[in-house]
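Here's a quick tour for anyone meeting this structure for the first time. Have a look at the picture, then work through the notes below.

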Amino acid sequence: MSLNERDALLSFQLGQDWPHDPLLNAVNLPDHLDVLDIGAGEGRLLNFLSMRGHQGKRTGLDPHPGPRVQQGYAEELPFPDSSFDVVFMIRMLLHCLDPLQALAQAQRVLRPGGELIVGVQGHLHLHRLWRQVGHVTSKRGAEEPVQELLSAAGLSARRLEVTLPLPLNNLDAANLLSTYDLKADLKAFSFPLADTLHLVIFLVQKKGA
C-alpha cells in the first residue's frame, strides 16, 4: 500500500487527518502567509490549509505531482529568492538525494523572518505494535538524523512534539502491518493495543535582512 493509504487508516482510527491536522494545530499559521509545500504529493496539506480558510498563496512541488502541484525537485526549487513566508518539508527530507542542498534551497526561497517547518515521525510512532510483532526499529526514529542535518546546515531549530493515543484492535494492526508489506500471527497478542502516533516538528526561522 501507499503512504496515503496508510495515512488514511491512521486517520480513520484517530478521527482526524494524520499527519496534517496535528501538524497544523501545532504550528497555528496565520492565514495570510504565502506557503510552499516541498514534497507535496497530491497536495493534501495544501487542501487542508484551504479547508481551514487559509488566504495566502499555496504552492506545492513534488517530483511526481498530483493535480495543481508543480513538478520539481527540492534541490532545485524553481522559484525566485524570498518568495514564501513558510516552507513545509514534511516526511521528505531524508528521502532527498542531497538533503543539505534541499535545506539551502528552502532557506533561499524564504523571506526574511519566514519559517521552515520540517516534520518527521518520531521514535514513539506505533512503537508498541512494532514491539508486539518483534520488528526491530531504530530507537532514534527519524528525528535525530533530521536534527543532525539541520545542525550540519547551520540551522537552529525550535522543536515541537505531538503524541496522540491510538487504540488498535487486531484487525487494525493487521491492516497497518500490511501497508508495510509485513504479516504476523496476532492471535497470541493482547488487544486492544494502546499505541501512539508521534510527530516531531522542527521550526527554523530565517533571520531578517
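Two strands pair if DSSP finds at least two bridges between them. Helices (H or I, at least four residues) and strands (E, at least two) are themselves DSSP runs, numbered from the N terminus. What you're looking at is a predicted model, where local features need pLDDT of at least 70 and side-chain atom pairs count only at pLDDT 80 or more, while totals for chains, interfaces and linings use all residues. Residues are numbered from 1 along each chain as its sequence is written, and side-chain values use heavy atoms, with hydrogens and water left out.

**The big picture**

- The protein has seven helices and seven strands, and along the sequence they follow the pattern α-α-β-α-β-β-β-α-β-α-α-β-α-β.
- The radius of gyration (taken over C-alpha atoms) is 18 Å, close to the 17 Å from the globule rule for 209 residues, so the protein is as compact as a globular protein of that length. That rule is 2.2 Å times the number of residues to the power 0.38.
- Along its principal axes, the C-alpha trace spans about 60 × 35 × 30 Å.
- Buried residues make up 49% of the 209 residues; buried means under 20% relative accessible area, exposed means over 50%, and partly exposed is in between (1.4 Å probe, protein chains only).
- Take the contacts (heavy atoms within 4.5 Å) with a separation of 6 or more: 73% of them are between residues 24 or more positions apart.

**Surface and charge**

- The accessible surface comes to about 10,600 Å², and carbon and sulfur atoms account for 51% of it. Areas come from the Shrake-Rupley method with a 1.4 Å probe, and for residues only the protein chains shown count as cover.
- There are 19 positive and 23 negative side chains, with the centres of the two sets 3 Å apart. Lys and Arg count as positive, Asp and Glu as negative, and His and the chain ends are not counted. The place of a charge is NZ of Lys, CZ of Arg, CG of Asp or CD of Glu.

- Seven strands form an open sheet in the order 3-2-1-4-5-7-6, with mixed pairing. Its edge strands are strand 3 (70-71) and strand 6 (158-168), each pairing on one side only.
- Strands of a sheet pair through backbone hydrogen bonds, either parallel or antiparallel.
- Strand 1 and strand 2 run parallel, joined by four bridges; here aspartate 37 stands opposite glycine 60 in strand 2.
- Strand 2 and strand 3 run parallel too, joined by two bridges, and aspartate 62 stands opposite glutamine 71 in strand 3.
- Four of the five residues of strand 2 are buried, so this strand is largely enclosed by the rest of the structure.

**Around helix 3**

- Which residues of helix 3 (44-51) are buried? They are Arg44, Leu45, Leu46, Phe48 and Leu49.
- Those buried residues pack against helix 1 (3-14), helix 2 (20-27), strand 1 (35-38), strand 2 (58-62) and strand 4 (84-90).
- After helix 3 comes glycine 53, with a positive phi near 90°.

- Glycine 114 sits in strand 5 (residues 110-121) and is buried, at 4% relative accessible area. Leaving out residues up to four places away in sequence, glycine 114 touches Asp85, Val204, Gln205 and Lys206.
- Serine 83 lies in the loop between strand 3 and strand 4 and counts as buried at 10% relative accessibility. With residues up to four places away left out again, serine 83 touches Asp34, Lys57, Val109 and Arg111.

- Most residues other than glycine have a negative phi, and most peptide bonds are trans.
- The peptide bond from tryptophan 18 to proline 19 is cis, with omega near 0°; proline 19 is in the loop between helix 1 and helix 2.
- Arginine 68 has a positive phi, near 65°. You'll find arginine 68 in the loop between strand 2 and strand 3.
- Arginine 91 also has a positive phi, near 55°, and is in the loop between strand 4 and helix 4 (99-109).
- Is each of these arginines buried or exposed? Arginine 68 is exposed, with a relative accessible area of 76%, whereas arginine 91 is buried, at 18%.
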